[in-house]
Amino acid sequence: MTESHRHSSEYESPRTGGHQPHSSPVDPEWPAPPAYAPGQSAYAPGPPAAAAHPADPADPAGPAHASEPTAPRSRRKRNRGPAALLAAVAIVAAAVGGGTAYGVQELTGGSTVASAGSAGADVVPAALKGTVAGVAEAVGPSIVEINAESGAGSSTGSGVIITDDGEIITNNHVIAGASSVEVRTGDGKTYTADVVGTESSKDLALIKLRDASGLTAATLGDSDGVRVGDEVVAIGSPEGLTGTVTSGIVSALDRDVTVSTDESQGQRQQQGQPGGGWPFEFDGQEFNGDTGGSTTTYKAIQTDASLNPGNSGGALIDMNGNVIGINSAMYSSSGGDSSAGAGSVGLGFAIPVGTVEADLPALRAGSMN
């Protein structure tokens, strides 16, 4: 009896977790300490014993038991939860951010112009990437034939659909002096169009189809990133041959091309005057007839892709399917009295799409310059 009483009072109690000599006998009803800290999951291991903080030396209970976590340690573990959650949210936001521009474009409807941005976009089918066939398949539905009627006759040109409800960019000289404009899309449908705005100093015009929807809009690229030697594709309606595709390279950049702003020039073209193409001037020489007394000069992309009468207003496209220019002028070697004798000799010029985008707000506002 004496030995048993001595062991109970002189040695550490496994239930109290402290060394308490000469203490009173342990109460068998005292509950054992929890296996985990309050608020911590039963399935989550507590902090390692080595990381436990010692108790205050003044604490009469003595040092804390190694297996029992202290309140500060448990608090730090809980604080890591919000930080980890914020990091996860940031990662998800970064992943979602890439699709934001597409979502905005879809929600804003047909009045939004699809733009590739500085990095460019690849709209060509993956299986045909980098091929003329791929570009033609992707962009062909966005190119239209334009027929303009005036008291002097009719003319044929091309245009580029830029919104799915029928906004079309073309050359000013294609619709100059026209009393009515008719447009035929790639699927054979015919629409009546209204002239919204013109900018003769850039040889640009914006027309809008009546009662159109669900059209395939072209993607406008980055003409500032174009380099000499880049492969390009031209699509238009030369001589009324709708959807004609030619290809070549960018021959030069920033060519100063001078074209007429005189509306009568368009009327003479409609009547099939000599020269066959829109008259323009380059490097002090006039091509395809007299440009007249009223002219304007702009910086153009030069290409050797074949352009012929009727290609005016059509698209010059990079190999990712982005429109980088609006075809506007060509050199014709024909000196005959009919445009039928004209032909491309590898000297074509296109208005950079950057110029188009800069003038688009004014054209939409109804500017008639």
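Two strands pair if DSSP finds at least two bridges between them, and the strands themselves (E, at least two residues), like the helices (H or I, at least four), are DSSP runs numbered from the N terminus. This is a predicted model, in which local features need pLDDT of at least 70 and side-chain atom pairs count only at pLDDT 80 or more, while totals for chains, interfaces and linings use all residues. Residues are numbered from 1 along each chain as its sequence is written, and side-chain values use heavy atoms, with hydrogens and water left out.

**Strand S6 and its partners**

- Strand S6 (residues 204-209) is largely enclosed by the rest of the structure, because five of its six residues are buried, where buried means under 20% relative accessible area, exposed over 50%, and partly exposed in between (1.4 Å probe, protein chains only).
- S6 pairs in the antiparallel sense with strand S5 (residues 190-199) over six bridges, and Gly-197 has Leu-206 as its bridge partner in S6.
- In the hairpin of S5 and S6, four residues lie between the strands, and Asp-203 takes a positive phi near 55°.
- Strand S3 (residues 167-170) also pairs with S6 in the antiparallel sense, over four bridges, and the partner of Glu-167 in S6 is Lys-208.

**Salt bridges**

- A salt bridge is a side-chain nitrogen of Lys or Arg within 4 Å of a carboxyl oxygen of Asp or Glu, and by this rule the count comes to six.
- Glu-167 forms a salt bridge with Arg-364 (2.6 Å, N to O); Glu-167 lies in S3 and Arg-364 in helix H7 (residues 353-364), so the pair ties together parts that are 197 residues apart in sequence.
- Glu-167 is buried at 13% relative accessible area, whereas Arg-364 is partly exposed at 31%.
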